[in-house]
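User: I have a chain open in the viewer and want to talk through its fold. Can you take my questions as they come?

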Amino acid sequence: MENSALHALRLSVSNLNHPLNTPVSTLVFACGLPASHLMVIGEAPGAEEEKKGEPFVGRSGQLLEKLLNKSGTSRTGQGAQGHYITNAVNWRPPNNRPPTKTEIELCNPYLFKHIELINPKAILLVGATAAKAVLKKTAPMATLRAENPHQIKLLNGVTVPTFITYHPAYLLRNPAATTLFLEDLATMKSYIK
Ligand code: URA
């Protein structure tokens with residue numbers, strides 16, 4: 001389903017001489033249909049994702065998918081019913097540590113090109129690493145959420161409304177925050193309708 005520009009981007013990312021692992025681990029590029037209106041960006045793949053070569057397939061990914069399904073999109077859906085998912089960093093950091101600043105910066109130009117190619121109507125950032133990578137902001141989550149929607153300007157001049165919310169791994173540890181996550185999805189939906 002990938003067009004040639006996306007395929008070329010995937011190849012460039014896979015050829016990137018990245019510092020995450022030696023030997024180089026599996027590239028986890030993206031999932032979902034490129035024509036989805038919503039692009040979701042997480043942190044970096046974990047062990048399950050690395051095994052399957054697909055983002056967000058482990059426990060937190062299953063929760064993310066369930067909550068996004070509730071708000072009307074899925075990774076198999078088209079257009080307004082679809083979401084396309086990638087990560088700030090496309091390889092699993094060793095020992096599941098958070099990606100370093102250097103790793104985030106290395107992947108960043110490719111991430112922004114990825115956003116340009118998908119050309120989403122909205123972006124949903126899940127967690128602080130995605131906020132760092134896309135918004136270049138490190139404020140507390142409550143502050144960043146209160147500023148929704150952020151507007152990010154791409155190199156091609158397009159501005160994309162961008163919403164930040166909790167990472168699903170945080171929701172697994174703090175189920176009470178699920179209500180806030182669903183509120184963020186509802187705000188995003190009403191904004192892009
Ligand atoms: N956490 C993420 O941020 N991304 C994944 O793909 C899996 C877990």
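User: What am I looking at, and how are residues numbered?
Analyst: This is a predicted model, in which local features need pLDDT of at least 70, side-chain atom pairs count only at pLDDT 80 or more, and totals for chains, interfaces and linings use all residues. Residues are numbered from 1 along each chain as its sequence is written, and side-chain values use heavy atoms, with hydrogens and water left out.

User: How many helices and strands does the protein chain have?
Analyst: Eight helices and five strands. These are DSSP runs numbered from the N terminus (helices H or I, at least four residues; strands E, at least two). From the N terminus on, the order is α-β-α-α-β-α-β-α-α-β-β-α-α.

User: What is the radius of gyration of the protein chain?
Analyst: It is 15 Å, close to the 16 Å that the globule rule gives for 193 residues, so the protein chain is as compact as a globular protein of that length. The radius is taken over C-alpha atoms, and the rule is 2.2 Å times the number of residues to the power 0.38.

User: What share of the residues counts as buried?
Analyst: 52% of the 193 residues. Buried means under 20% relative accessible area, exposed over 50%, and partly exposed in between (1.4 Å probe, protein chains only).

User: Which residues touch the most other members of the largest nonpolar core?
Analyst: I41, I115, L124 and I152, out of 52 residues in that core. Helix 4 (residues 101–118) gives the most to this core, with six residues. A nonpolar core is a set of buried Ala, Val, Leu, Ile, Met, Phe, Trp, Tyr and Cys residues joined through side-chain atoms within 4.5 Å.

User: And what does I41 touch?
Analyst: Not counting residues up to four places away in sequence, its contacts (heavy atoms within 4.5 Å) include L111, I115, L124 and V134.

User: Switching to helix 8. Which of its residues are buried?
Analyst: T178, F181, D184, L185 and M188. They cover an arc of only 120 degrees around the axis, which puts them on the same side of helix 8. That arc is of the directions from the helix axis to the C-beta atoms.

User: What do they pack against?
Analyst: Among them are strand 1 (38–42), helix 3 (59–70) and strand 5 (159–165).

User: Last one: is A146 buried or exposed?
Analyst: A146, which lies in helix 6, counts as exposed because its relative accessibility is 66%.
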